[in-house]
Amino acid sequence: MKSGKAIDGPPAGSAEDGGTLLRFITCGSVEDGKSTLLGRLLYDADVLSDDQLAALEADSKQTGTRNGDLDYALLLDGLAAEREQAITIDVAYRLFSTARRKFIAADTPGHEQYTRNMVTGASTADLAVVLVDARKGLLPQTRRHTTIVAMLGVRHVVLAVTKMDLVDYEEATFRAIERDYRAFAQRVGIGAVVAIPLSGVHGDNVRRPLGNTPWYDGPTLLDHLERVELEDGRATRPFRMPVQSVNRPHPDFRGVAGTVASGVVRPGDRVMIQPSGRDTRVTRIVTQDGDLACAVPPQAVTLTFADDVDAGRGDVVCAHDAPVHTADQFEATLVWMHEAPMLRGRSYLMKLGPRQATATIAPLKYKVHVDTLEHLASDSLRMNEIGVCELALDRPIAFEPYAVNRDLGGFILIDRLTNETVGAGMLHFALRRADNLHWQALDIDKRARAAQKGQRPCVVWFTGLSGAGKSTIANLVEKKLHALGRHTVLLDGDNVRHGLNRDLGFTAADRVENIRRIAEVSKLMVDAGLIVLTAFISPFRSERRMARALLEADEFIEVHVDTPLAVAEARDAKGLYAKARRGDLPNFTGIDSPYEAPEQPEIRIDTTVMSPEAAAEHIVECLCRRPGG
Amino acid sequence: MSAVAVPEPVQRRLLSTGPDPMSTTTPATTAPPAGAARLPVLSPLDRLEAESIHLLREVVAEAQKPVMLYSIGKDSSVMLHLARKAFHPGPLPFPLLHVDTTWKFQAMYAMRQAIAAEPGIELIVHENPEARALGINPFTHGSSVHTDVWKTQGLRQALEKHGFDAAFGGARRDEEKSRAKERMVSFRSAQHRWDPKNQRPELWRLFNLRKRKGESFRAFPLSNWTELDVWRYIERERIGVVPLYFAAQRPVVLREGALIMVDDARMPLHPGEVPMRRKVRFRTLGCYPLTGAIDSQAETVAQIIAEMSASTSSERAGRLIDHDASASMERKKQEGYF
């Protein structure tokens, strides 16, 4: 990574180093002839080896769909599972190079998970090849592909009109598709479109014209891929480098390691560390090959500073005169990628570069109909759906809008329980209120209030099935604490739903919001110095975990009031189970909505062996044993 | 060390304790004149290098106990070189792990010894004790059983024994069809299984390294490198590799169309079979009875690159294990093979 190469070494684009690098994505379905076209491209580009060609010939005879003629699509169908079912499962990356360029092609299959895979492939692409079957013209899926490409900020688009052989290479057909497509592309903000008439099966305009389209005088596909100019504007923007790690092998060296996201950095440059706002100067750009005089995107370097500033993983080193902004509330486009739908009010882990935060999704503004670009009202997002929403983070982060910088504006959302990547998003802008809203540093704090009351505030969170005995036990606990002179408050499911949460129903999304509000109210009350008792079914682990995360480590005491469903149902004090069984009460926990039992509650009460009185006594004992309790 | 016949410039690299002394003294870039817009232009190799270093740093930052699978081949050599760059001037923040089968080429063991002797290197060698007790070998048991017991089971044992939760591997997407679908950071269940239908989406340069206890990751810094990229990088960076990659006269026998080198006395010869001396080299290195040589005159890295540019057979063609069964690599990977 000697950046001096440009000066002393071979010029960029020389064959010696494989020329430049182009990452592209192919968008289209099997029916559009996508695999055939990409396979044909590899075949015509002379990048296949003898044994690959021999395997292609053998496979074409055995499993091909072209009566023994070469079936170029077989070059791409990687997994046995796919070959058997004639489908493609996931994003595949093909590497090939010609004398001019090295290519990384992301090949994404059609079918239901299309959006998720395409978004993945497009996230790193410089160029997109959008396929349209000449016989069919623009389809809803063409618009979908184009919308996603535009959303992910892919600047170059090739409109590949395939199967021209099946429309007798008619110019009028091609021009009509081209005209329609350009109109749509403009609507979504894509300017640079190159339209090419092609036949994957015969090879027209893949590498050579072959004479069937004399009316077309543009480049062939391979020509265009090899020559399209990749202006990379990142280097001309202000300097930004997210910190991946601190490198401190011995007391005399302290550097921060990272990949330059934009701009140029040189020793002596004045920089700012965000979000802390500390400023310093860069002293060295350290690499194993020697110090550099400058570094540009996407070089991976280690910087040292003139001052002993505090910079750690997730911070952003940026130009002092043009620092990145920080905020904790944003508007963003969100692409949902998981079978479990997005739930409003639920919190997810957000990863943006090396920075992690907890993000809560505020109500969705709208869902985007990707085929028509219509805005639809919606409460949640299902897999492969795209929407625009507001996000609230638990801490400020340094960012840039995605349209300006993919590295500082693109993020993923991770489910806190399953650890799966459930969504991806692109930041638009910070919401102004985050800028204006500063935490008031108050002189009287939680500690002061608690000291006045002579107690340690906490939340005792009762969870369990309906009818398990949560309210009964919580009531008894409160009485005992009150008698001991403790200051308490009891939040009960039914009571809260009559007031604070009377706008909420019992769908999964509403249950999440219900618990979120309870958790926030509990936190405020803990700040006020109170011992808070909450009695809610709170069926989902994820929400209980969220509530726990709002508080300090030893302030959350989860009490599992453990009653087998059969026992709770037999008690049925309110007659709810009977109703639910009749189907009159949908989404009833334990009947047609799940209850996720706590894995490690602080206290577990088995109501089949313990009376409410004994349970309450046990809980109060546990509370009193806490230091300062 | 004397057993490793490494070309002269390479040998210096192999022996040097840190960065190449020739390039540390002078800064690589001279400052451009004030106001000049002349900036370094990165080649594809520069970009690949940066991407790999980024990945190495991400995984090390988030894993609790990472390890680098070191298989002694050229890809491992490049990966180790990249790791040194990623954490310079600090030491390597993880040990190397060689899952041995006892059937590697002698020259590979010499190289391993040389690497293990370098300062700052902690090399763990794991040999599956069951395989050793059962005397598993490719001649009696066939390549399938041999690979499964020594390598797949051996790797799982080693990862569990040391509690490694992330393992770097030198696999490249251009090697084999099922590799093309592998993520750069690939999730493994507590049973070390790969589920190709249930992979985490991988966007931008963001890797989700969250997991539960017992689960782990395989990370592939060389995912987007081709064989040619690897050789060009070895040439540019003067990285030491096992001499078997360079053409020399070697004793070989022809079996099932593959040139197998008679590397030690354990190789049973068929009746009437006499090893012949041929000028050959290896494109890929594994267990010697399972690795076919190719006829070649390429004695230097530059000649290898020239030969490859004209070459018409793919790299893994010399690996007998890949031909064992259709879709064998995919199956092996699902079972936990690297």
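Trainee: What should I know before I start?

Mentor: Residues are numbered from 1 along each chain as its sequence is written, and chains are lettered from A, with ligands numbered from 1, in the order in which they are written. The model is predicted, so local features need pLDDT of at least 70 and side-chain atom pairs count only at pLDDT 80 or more, while totals for chains, interfaces and linings use all residues.

Trainee: How many helices and strands does chain A have?

Mentor: Helices (H or I, at least four residues) and strands (E, at least two) are DSSP runs, numbered from the N terminus. Chain A has 18 helices and 24 strands. Its C-alpha atoms fill a box of roughly 95 × 70 × 45 Å along the principal axes.

Trainee: What share of chain A is buried?

Mentor: A residue is buried if 20 or more other C-beta atoms lie within 10 Å of its own, exposed if 12 or fewer, and partly exposed in between, with C-beta atoms placed from the backbone. Of the 629 residues in chain A, 48% are buried.

Trainee: What span should helix H14 of chain A have?

Mentor: The expected span of a helix is 1.5 Å times one less than its number of residues. H14(A), residues 508–527, has 20 residues, so it should span 28 Å, and the 29 Å between its end C-alpha atoms agrees. Its buried residues include A:Val512, A:Ile515, A:Ile518, A:Ala519 and A:Val526. Among the elements covering the buried residues are helix H11 (446–453) and strand E22 (531–535) of chain A. Just after H14(A), A:Gly529 takes a positive phi of about 95°.

Trainee: Which strands of chain A close into a barrel?

Mentor: Strands of a sheet pair through backbone hydrogen bonds, either parallel or antiparallel. Here two strands count as paired if DSSP finds at least two bridges between them. In chain A, 6 strands close into a barrel in the order E7-E8-E11-E10-E9-E12, with antiparallel pairing. The twist averages 50° from one strand to the next.

Trainee: Which helix of chain B lies across E7, E8 and E11 of chain A?

Mentor: For such angles, axes are lines fitted to C-alpha atoms, for helices over the stretch in contact, and angles run from 0 to 180 degrees between N-to-C directions. Helix H3 (residues 44–62) of chain B lies across those strands, at about 65° to E7(A).

Trainee: And what order do the strands of the open sheet in chain B take?

Mentor: That sheet has 6 strands in the order E3-E2-E1-E4-E6-E5, with mixed pairing. The edge strands, E3 (123–127) and E5 (185–188) of chain B, each pair on one side only. E1 (66–69) and E2 (96–100) of chain B are parallel over 2 bridges, and B:Leu69 stands opposite B:Leu97.

Trainee: How many residues bring the two domains of chain B into contact?

Mentor: Domain bounds come from an automatic or database domain assignment, which gives domain 1 (43–228 + 330–335) and domain 2 (242–324) of chain B. Two residues are in contact if their C-beta atoms, placed from the backbone, lie within 7 Å. In chain B, 20 residues of domain 1 are in contact with 21 residues of domain 2. On the side of domain 1 that touches domain 2, H7(B) gives the most, with 5 residues.
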